[in-house]
Amino acid sequence: MMSATPKKEYPQVLLANRHPDRIATLEEYRSSGGYRALADTLGAGPQDSLKETIAAAVLLGRGGAAFPAGVKLKTVADDAPFPRFLICNADEMEPGTFKDRVLIHADPHQLIEGMALTAYMASAEKGIIFIRPEYESAARILEREVGIAREAGYLGENILDSGFSFDIDVHRSGGRYICGEVTAQINALMGKRPNPAQPPPYPTEKGLWGLPTVVNNVETLCCVPHILRNGADWFQSLALTESGAGTKLYGVSGRVNRPGCFELPIGIPLSEIIEDYAGGMRDGRRFKACLPGGASTGFLPVEHYHIAMDFDSLKSVGNRLGTAAIMVFDETDCLVAATWNLLEFFARESCGWCTPCREGFPYLRDLLWRIENGQGEPEMIGALRELCRDMSYAYCAFSPGGIAPVESLLDLYEEEIVAHIEGKGCPFRKRS
Amino acid sequence: MPTLTIDNRRIEVPEGTKVIEAAEALGIMIPRFCYHRALGSVGACRVCAVKIVDGTRKGVQMSCMLDVEEGMVVSTDDPEAVAMRRHVIEWLMLHHPHDCPVCDEGGHCLLQDMTVSGGHGLRRYLGNKRTHLDQYLGPRIQHEMNRCIQCYRCVRYYREFSGYRDLGVTGIGNRVYFGREREGTLENPFSGNLIDICPTGVFTDKPARYFGRRWDLQRGPSVCIHCSLGCSVTVGARYREVARVEARYAKAVNGHFICDRGRWGFPYTNEASRPRAARVDGEATTVGEACAAARNRLLHVAETAGSEAVACLGSERAGLETLKAVAGICRANGWADPLFWLERRARENVAAAVSLLGDDLVLSLRELEAADCVLVFGADPLGEAPMAALALRQARRQGAPVFVFDPRPVELPLDFHHVPLAIEDLPECIRSLVGAAGDRETARGADPTVRSFTDQLAEPSVPPPPEAVAALRTSRRPAVVCGTDVTDAAAIGLAADFAALMKAQGRRAGLFYLMPGANGFGAALAGTEAASLEELLPRIEGGEIRALVAVEADPLGLYPDRGRIEAAMRKLDLLVVLDYLDTDSAAAADVFLPSTTVFETGGTWINQEGRIQIVRGAHRGGIPVSQTGGGGHPPRVFMEEVPGGQAAASGQTLTRLSPAEVKGASEWVRLPPDTDKQSGTRAVLPDPSALRFAPERTALSGAAGDEAMLTVIAVDRTFGTEVLSSRSPWLSAEETAPTVWMHPEEAGRVPLSDGDLLEIDAGGGSLVLPVKIVENMARRTLVIPRHRDAAWQRLGATRLRIERDCIRKAQPVGENAPVKESPPR
Amino acid sequence: MLPADLREKLERTIETADHPRELAVDVMMALQEHYGHLSDEAVAEAAQLLDMSEVEIDELATFYTFIYREPVGRYVIHVCDSLICWMDGYEKLRDHLARKLNIAMGGTTDDGLFTLLPVCCVGYCDRSPAMLVNRRVHGNLTPEKVDAILDGLRESARSADETSSG
C-alpha cells in the first residue's frame, strides 16, 4: 500500500518558525512577518472588513467543532456591552491531540498576535488563555512571552499607539476534559463547577460574567494573522480541495513509524500523511483503520485510506475531521479493546450533569469490557446500539462525540464484536 | 400566544412557555425529575423527552428545555421518545438500591412511580452498584445517598432558591455526591423542603422514619399555625399521633415550600405531658363534671360579685371558632368585654394594621415575590414569619433591592441593605421616605387628603437613606413590609400611608404586614372592642374581676410581668383554663378542661393578609398508641373509649360551661360563599380610606435621642420562641441559646465583652443573660429573644425603655433561675 | 496554619481580582503546593480567602484531576492510560511502576515519596507511553527509563532533605 509518488513539499505557515529544540523568539517571529498584521490593521480600517476577511477565508474552528470563526465574530453584536472577553482555548485534551502544545512551543507570538487581532475585531479588552495543567511548560512560555510582547508594545494599553488596549492572562485549569467545552470553560473561569450550559444565551452574547465572550482554539487564533496579512483567497488556496481552506496541523500517533505533528494542506490524502510524513506503518504492518480527528470521531476504515483530509470529505463518509488527531491502528489491533479504552476515558471525564452521559458511558464500558473479556452475550450488541441511540440525546456534545467510535465499531466491525462473543474472548490476544 | 398541538390536542399558551408546561396545562404529565415548577428547567435528567414532529428543532427533544412555537406539533407517546424515557429510567436505576420495602419514600416516590409506569422491571446491567457513605445532617433529615439519581434539585433549591451555602455537589461523573462539607446539621431553616423536593428517598423526614407508609397515614389538608403567614401543609397521622407535616402547594401563599418551624413544630400535639383529662381543684374528673363545676362556680361569682366580675381571655393562636365563642360567651353572660391580647400595644398594633390594610394595597406572599423594590419596616422576617424571608429572596433574585429598617441584627438569605435604627426612630424614618418619595406634583394631583398629608409633613430630622430613595425612584412595583411585633401604631400607620402614596402615584404598590400569632387578624376581627389583659389587670388587682376563663391562652406563662400577673392571679376566686398545652396557667387552674389541637378538630384561621383558611382535622386524636402501648405492638385489646379522647374543641366546651345559653354558636364564623376550601379566600377588608393619611402622623414623634435611656425589645426568633413549635425536640437543637444582643458601643459603655453576663433590672424584676455583641444592630437597644429560658417575662413589657443604670455586668456565680423549669423532654 | 507571607500574597492577588471566585483554582493550587495536598484545613483557608463556603470550594476541588483532597506523596506520578499510551504499553508501564514502588494504582509509598495515579490523555501521544511527575512530562518510556527517573527523584529528595536539615 505504499504510495508511489515522491514526498511533496507544502508551504509551512503556522509552523514556519518551528525549531526542533526551542521556541521561536520575538525577533524570529517578527522577521518572518510577525506582528505586521497587527501593525497594519490596528486602527487602520473598520473592524467589519476584517471580520469579512476572516469569514471569506472560511476559517473553520480548529478545536474540533469546525464552527466558522468569522461567523462567530459577527455574532458579537455591535451594541453588545463592555467589557468583552476573548478566551483562547488551550485546554487541548481530546485523546490523540497535541497540536496546540506543538504550536505554543514552536511560535508563541503567533498566538499572541492572533489573539490581539481577534480581540480587536471583537472589541475585547481582556484575553485569557485557558490552558490544561499538563501543559505547565507551555503555560510558562506563554506567561513569559506575553510579558515580552507587552514590553514590545504589542499588548497592554494603547497597543502600537492605535488607541486599542488589550492584555492577556494565562489561566491554568485544574484539569478536566469537559473544560474544553466552551460553556463549561466559561463556568470554570468563573470559579463554578465546569458543567456545560446549553445555549441560548450564546457566549458571544452572555459569556464570562454575563458579558460577550469569544472563545477560539489556539490553532484557529494562530491562523488569523496570516489571513489578515495575506488575504482570504491566499488562505483558501492553501487547501488542496475546493471546499477546504488553509493548512492544518495533523497530529499522527499510534502504529506509525514517526508519530508527530505535521502542518499540511487541508484536503491532503490520509495515505500521504501516514506514508510521507509519519514514516509509514510500523513494523511493516497493514493499515486497518484510524480515528481521523481524536477520540470523538468514528473509526475510518481501510477503504478510506486515500480520503482527502478535510471537513467535507470526512463528513461525506459519516465521519468528522475533529481535531485532525489521527490515531492509527494496524491489523493486529483489536478495535473492541481500543473502543473500551476510549470509553474508560469518557466515563471518567463525564462531568456528571446529565443522565445519558453520566450513566451511559460506564454502561458502555462495562458491556465492551465483558465482550473483550469473554463474557459477551449476543444481546449486548443490541444493547450497545440502543445505548448509543439514546446517548445522542444528552445535554452537550460530549456524549454524541464519545459514542462516535462505538457507533462506527457497530457499523463497520460488527463481525469483530461477534467474533469476540462467539469465541468467548478477544481473537487478537491469542496472536500477541 | 402560540398555539401548538400536543398528542393531537391543541392548546394556546403564552410565549416563553416550555413544552412540558404546555403539556401539563392539557393534563399531560410528562415525566420529570430535574424540572420543578419552582426551580425551572436545567435539562439534566433527560426523562422529559418528547418527539417534536413539527417545529424548528425536530426529533427527540427535552420538553423542559424547549420553548413552544406557533404550529409546533409534539408527540409524547412517540416510540422513540418513549424508548428514550424508558432508557433514562434504566440508567437511573443502575445504582439505585432495591430498598423500596424499607425506604420511607416508598409509596410516594417519583422514581418508583416512573420506574413502575415506565415498565422497567428487569435489570440488564451486570456491573456492581456504586455506593456512597451517608452523612449525619442533623436530627430532622436522614441522608441516604445511594438512592440519589443526580437530578440536582436539592442543590438548586438549597443554594439558588433558598440562599444557603452549606449543601453542595462534589465529585464528578457518576460519583457526584450531594451533601455537606462535613457531617452536621443543615444550616438552612427551610431545609425540610429537601424532603419534599427530592424525587426519591435521599432526604427523608428523620423523626417520621419507619412509622408508616404514606397510605397508612390519616392525611388531611391543613394550615400551619406557627406564624401569621398561614402556609398550607398536609398533616399525616397514625396511631393517634401526628407523624409528619409536609408542604402543600398554595398558589397565593407559600407556593411549594414551608419553613422548618412549620414542618417540625407539631410535637406539642403528641406530648406525653399534654393534659388529656379534665381537672377540678387538681383532681381528675370527666369533662361533664368539670363543665358543671365551672358553670356553677362562674354563676356563683356572677351572683355574688356581678356578671362583670367574670372575664374571658382568648389568644391569637386559637382558631376563629374559639375566638368567636369567647366573644359570644361574654356577650351571652354579660361578662366583661372579651380579651384577646395580653398587651395593649399588641392589641393596638394589630387593630391598626387590620384597619389600614385595605383591598387596594394588600399583597399575598406570592405577590410580594413579584415586587421590584422592598422596604421592610420594624420586622425580622426570618424570626417572625420565616417564609416571608424566602419570598424576599425570590424578589431579590428577580433584581429587587431589599431594605430593612429594624433595630435587630436581622439576617436574611439574600443581600440586602440593613438600616439598624432605634425602634423609636422608625416612624421618623418612614416619614422621611414618604417625603422623599412623595413627589409633590403627583401628590398635588391626587386626593386632597394625600395632598394635605404631604404638605403638612414635618421636615424630617433624619435624611432618608439615599440608596432607598434612589431605588424607589425607578420602582414600578414597590412593596412595603411592616411588622407589628416590635413597632407601634405610628409606624404601622405610616407604612400604610407610604404604600398608599406610591399607589396614588400610579405604581403597583403593595402592603404586607406581619402579625403576631396565627390568628392575630382573626382576633382583631373577632371583637374590635376587645381590650387587653394589661388594660384589665387593674380591675383584677382591685378585686372587681373575680373570675377568669383563659381559652387557649397562658397569661401566667406569657404575660411580660411575671410578678404582677402571679399576684393578680392569686387575687382571683376562680381560674378556668381550656387548653391542649400544659401551660403554667393550666397548672394553676381551679378548673381545667382539655381541648383539641388544629390537627384534631381543625378550625378557621385568618392570615396576616386577611386570607380566611379553613382547616379540617386530620385525625381523631387521643393519647398516642406509642404512649399507651408501652412500646409494644399496636393494641389488640379494643375499648370503646379512645384513651385521652375527652378533649373537645374549646368553642364547644365554652358553650357547655356557659351559664347562659349561647345562641347561634354554629354561625359564629360566616365565610363568604365563594370560599375555596383548599386555599381559602381573602376576607373582604374594611375600607381603610378614612384612616389613611391621618394628620397626626405628619408630626414629629419623640425620637430615641435620649442618651440616658435604653430600649429593650423581646423578640420572636425562627426557633425557640413561638409558643407551640418551641416545644419541638427536633427544633430545639437549632435554637440560639438565649442571649441579649448589644451593639459594641453600648457594650463598651458598661463595659462588657462577648459572653459576659448582663443583669437587667427592668419593670418586672431582674434577669441575667449572656451578652452577644453584634455590629449590625441599633445602638441604645437591647434585644432579647422570647425564649422560654430567657426569663423575658421579668421585663415588665415586650418593648420598654429603661434607664441606662438599670443594666450592669453580673458575676457568673449568681444563678439565673428561669421563670419556669423547662419540661424534661 | 497558613504562613503569613503566603496568606498576604494570596490576599493581595485576590484583592486585585474583579471577582475573587475566578481565582479559586489558583488559590487551591497554591494551598496544595503548601500543604502537599488540599487538606480540610486548606479547604477552610481557601473558603475564607475567597469568601466562599467550604463546600463550594470542595465542589471545585473534587472536580479537578490535579487537586488532591487526600494526602499524596512528594512525587505524584500520573501514568497516562488513554488510547495511544495504552496501545504502546501502559499496562506494562503501570505494572513495572507498581512492582518497583510496591504500591498499587492509587497508593502512596510508605516513605511518602511516591503516589501512583492514572490520568487521561496528557497530550504527548507522539511520545507514548508517557507519564507526569508533579505535572512534568516524561515520554517514550521504557522500564530502564522509568527506573532512572525514580532513582533521580529519590536522589533529589534526599539531597533536598539534607539541605533543609543541614
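## A tour of chain B

Select chain B: with 825 residues, a compact globule would have a radius of gyration near 28 Å, and chain B agrees at 28 Å. That radius is taken over C-alpha atoms, and the globule rule is 2.2 Å times the number of residues to the power 0.38. This is a predicted model, where local features need pLDDT of at least 70, side-chain atom pairs count only at pLDDT 80 or more, and totals for chains, interfaces and linings use all residues. Residues are numbered from 1 along each chain as its sequence is written, and side-chain values use heavy atoms, without hydrogens and water.

Stay with the whole chain. Its C-alpha trace spans about 85 × 80 × 60 Å along the principal axes. Colour by secondary structure: chain B has 27 helices and 35 strands (DSSP runs; helices are H or I, at least four residues, strands E, at least two, numbered from the N terminus). Of the 825 residues, 62% count as buried (under 20% relative accessible area, 1.4 Å probe, protein chains only).

Next, select residues 448–456, helix α15 of chain B. V450(B), F453(B) and T454(B) are buried there. Look down the axis of α15(B): its buried residues fall within an arc of 90 degrees, so they line one face of the helix. The arc is that of the directions from the helix axis to the C-beta atoms.

Now jump to R85(B), in helix α2 (residues 79–93). R85(B) counts as buried, at 15% relative accessibility. Leaving aside neighbours within four places in sequence, R85(B) is in contact (heavy atoms within 4.5 Å) with P31(B), V47(B), C48(B), A49(B), V50(B) and T76(B).

Definitions and conventions. Chains are lettered from A and ligands numbered from 1 in the order in which they are written. Buried means under 20% relative accessible area, exposed over 50%, partly exposed in between (1.4 Å probe, protein chains only).
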